[in-house]
Amino acid sequence: MRTYEVRTYGCQMNVHDSERLRGLLEDAGYVRAPEGDEADVVVFNTCAVRENADNKLYGNLGHLAPVKARKPGMQIAVGGCLAQKDKASIVRKAPWVDVVFGTHNIGALPVLLERARIAEESQVEILESLDVFPSTLPTRRESPYSAWVSVSVGCNNTCTFCIVPALRGREKDRRPGDVLAEVEALVGEGVLEVTLLGQNVNSYGVEFGDRFAFGKLLRACGGIEGLERVRFTSPHPRDFTADVIEAMAETPNVMPSLHMPLQSGSDAVLKAMRRSYRRDRYLKIIEDVRAAMPDAAITTDIIVGFPGETEEDFQGTLDVVRQARFAGAFTFQYSKRPGTPAESMADQIPRDVVQDRYERLVALQDDMAWAENKRVVGRSVEVLVAEGEGRKDAATHRLSGRAADNRLVHFAVPEGVQPPRPGDLATVEVTYAAPHHLVADVFGAVRRTRAGDAWERSLDAPAAAPGVTPGVMLGMPTVGAQPLEPSTGGCQVG
C-alpha cells in the first residue's frame, strides 16, 4: 500500500483541513507513513500569512527533489493558502511537484494524484469559490477526545494586512442543524471537547440573516449530553455582542476562556488596519467578559510595526496589554504580504525598530501572563489530560493537559495511583506558576471518561502500517443517518 505524509503550516483552519486531507487519502486506500520513513506521497498544506511562508515552502520542496529522484513513483502535492495564491507558478519554480490544489477544492486531492500518476505530468486545479463545504469530506482526526468543528469558512472583513479573505473567499455559514449534528456524532464517538471554528466565528449567521445565531449555537451546545467542554476561535471584536457573553456565562459547558484578537492598542493604527473597532470598544468587551466570568482567561493576537506605527502608537498597545491582563498572546512582527493594501503603504517601519518594539512587548506580556498565572496558585483545577502537550513530561515524570480556562497544566501523579489516560479528567491543585504554564504537584482525583475509553480503543485498533498510531475516522452526519466528520476555522491573525 502507498504511504502518505501531510505537513501542516499556519492556523487552526489549516490544522483541521489537514485532518480532512488525511481522511481523503485513507479513504482512497493510502496509509499513513511511520514517523521517519520516506512517504510515497508528501502533501504540503501551506499558509500565506507570514513573510517567510514562500521561502519555507520552496526550501522544503528543494530538499525533497533528490528524495523523489531516487524514489520511483513518489508524488508531491501542494495545497492551502499559498497554493491558492501562487497557483501554477509553484510548478514553474518546482517542476517536480505533481499536484497543486487550492483552499476551495481539497476534496479533489486523491483524483489529482491519480491523474498526475497516469498522465505523468503535473496537475494544477485551483477553484475560485467553494466547491463543496469541507465538513462533508472524510476526516482523520488526530485526537479521540477533542475535535475541531467548523461553523463557517471564509471571511467578509477587509483588514489591510491580511490576505486570507482573498484566498479563503467570502464567509459561508453552515446551518445550525448541520453543526449540531456533527457535534452530536463526535460526542457519540467519545469526544469530550469541541472547538467551534470560523475565520470570524462570531459573525456566524450573517449568511442566513441571524445576527444572534452564534449565541444561540453556544446555548444549543449546552444541551448536548456528554459534551463537557465547548470553546471557539477566533472572534472579531466588531461582532462580539452582549448575547454571546451571556451565552458563555450561562452555558455550563462553554469554557471560561476567550481568544480575542487586538492587533493594536492605537486607534490610528486600527483605522489604518481597517479594523472596525477602537481600543475603548475592545477594553469594554474585556471588562464585560470579566464581569460575567471573573476567572476567564483571555488571550489575544498583536501585530508590532505596522506601517506608520509611531512610538506613541506602540505605547498605546503596551497600555492596553497592561489594562487587559492577557493570560497569553500571539505576538507578530508585521511583514509585507503581496496582494494586501498594507504592502504599498508609506512609512514602512525599519526592521531594527520593529524588533525592539517586539522584544519590549513580549517582555511586558510575559510579565502580565506570569502575574495572571500566579493568581491561580493554590486553586484546584480540573485538567483534561492530553497527549503530547508537555515536551518535558518524560523528564519531569508529569502529565499535561488543559484546565477549563485553557491554561496548560503539568501535574504529578503520586506513586501507586493509576495514571489518568488522555481524555480523562484530573483534579489537581496548582503549586507553581510560570508565564506560559502552571505546575500542579498536589494530586486530587481522576475521573475516567468515555473520551479516555475512546483513546484506549484507538490504541487497540489495527494500525494501517507498522509504527503508525491510528487516528479517528469520522464523516459528516446527514439528517436521519449516522456517520460523518469535523472541521476548522480561525486565522491566527483574525
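Student: What stands opposite Ala-433 in E21?
Tutor: Ala-433 stands opposite Leu-438 in E21. Before we go on, please keep in mind that this is a predicted model, in which local features need pLDDT of at least 70 and side-chain atom pairs count only at pLDDT 80 or more, while totals for chains, interfaces and linings use all residues. Residues are numbered from 1 along each chain as its sequence is written, and side-chain values use heavy atoms, with hydrogens and water left out.

Student: What makes E20 an edge strand?
Tutor: The sheet is open and has seven strands in the order E20-E21-E18-E17-E16-E19-E22, with mixed pairing. Strand E20 (432-433) and strand E22 (442-447) are its edge strands, since each pairs on one side only.

Student: Which strands form the sheet with parallel pairing, and why is one side of its edge strands left without a neighbour?
Tutor: That open sheet has three strands, in the order E8-E11-E12. Strand E8 (146-150) and strand E12 (229-233) each have a single partner strand, so one side of each has no neighbour in the sheet. Neighbouring strands here are turned by 25 degrees against each other on average, direction ignored, where the axes are lines fitted to C-alpha atoms (for helices over the stretch in contact) and angles run from 0 to 180 degrees between N-to-C directions. E8 is joined to strand E11 (residues 193-197) by five bridges, and Ser-150 stands opposite Leu-197 in E11.

Student: Why is the pair of Tyr-277 and Tyr-282 called tilted?
Tutor: Rings of Phe, Tyr and Trp (its six-membered ring) pair if their centres lie within 6.5 Å, and planes under 30 degrees apart count as stacked, over 60 as edge-to-face and the rest as tilted. By this rule the count comes to six aromatic pairs. The rings of Tyr-277 and Tyr-282 have centres 6.3 Å apart and planes at 35 degrees, so this pair is tilted. Ring pairs also link Tyr-277, Tyr-282 and Phe-326 into a cluster.

Student: How do you know that Tyr-277 and Tyr-282 are buried?
Tutor: Buried means under 20% relative accessible area, exposed over 50%, and partly exposed in between (1.4 Å probe, protein chains only). Tyr-277 has 3% relative accessibility and therefore counts as buried, and Tyr-282, at 0%, counts as buried too.

Student: What makes the pair of Phe-306 and Tyr-334 edge-to-face?
Tutor: The planes of Phe-306 and Tyr-334 are 70 degrees apart, and the distance is 5.4 Å centre to centre, which gives an edge-to-face pair. Phe-306 lies in the loop between strand E14 (297-304) and helix H12 (311-324), and Tyr-334 in the loop between strand E15 (328-333) and helix H13 (351-374), so the pair ties together parts that are 28 residues apart in sequence. Phe-306 is buried at 0% relative accessibility, and Tyr-334 is buried at 7%.

Student: How do you know that the charged end of Lys-374 sits over the ring of Trp-370?
Tutor: A charge sits over a ring if NZ of Lys or CZ of Arg is within 6 Å of the ring centre and within 35 degrees of the ring normal. The charged end of Lys-374 is 4.2 Å from the centre of the Trp-370 ring. Likewise, Arg-175 lies over the face of Phe-208, at 4.4 Å from the ring centre.

Student: Why is Asp-347 called exposed, and what is said of its phi?
Tutor: Asp-347 has a relative accessible area of 57%, so it is exposed. Its phi is near 60 degrees, a positive value in a residue other than glycine, and Asp-347 is placed in the loop between E15 and H13.

Technical notes:
Helix = DSSP H or I, 4+ residues; strand = E, 2+ residues; numbered from the N terminus. Pairing = 2+ DSSP bridges.
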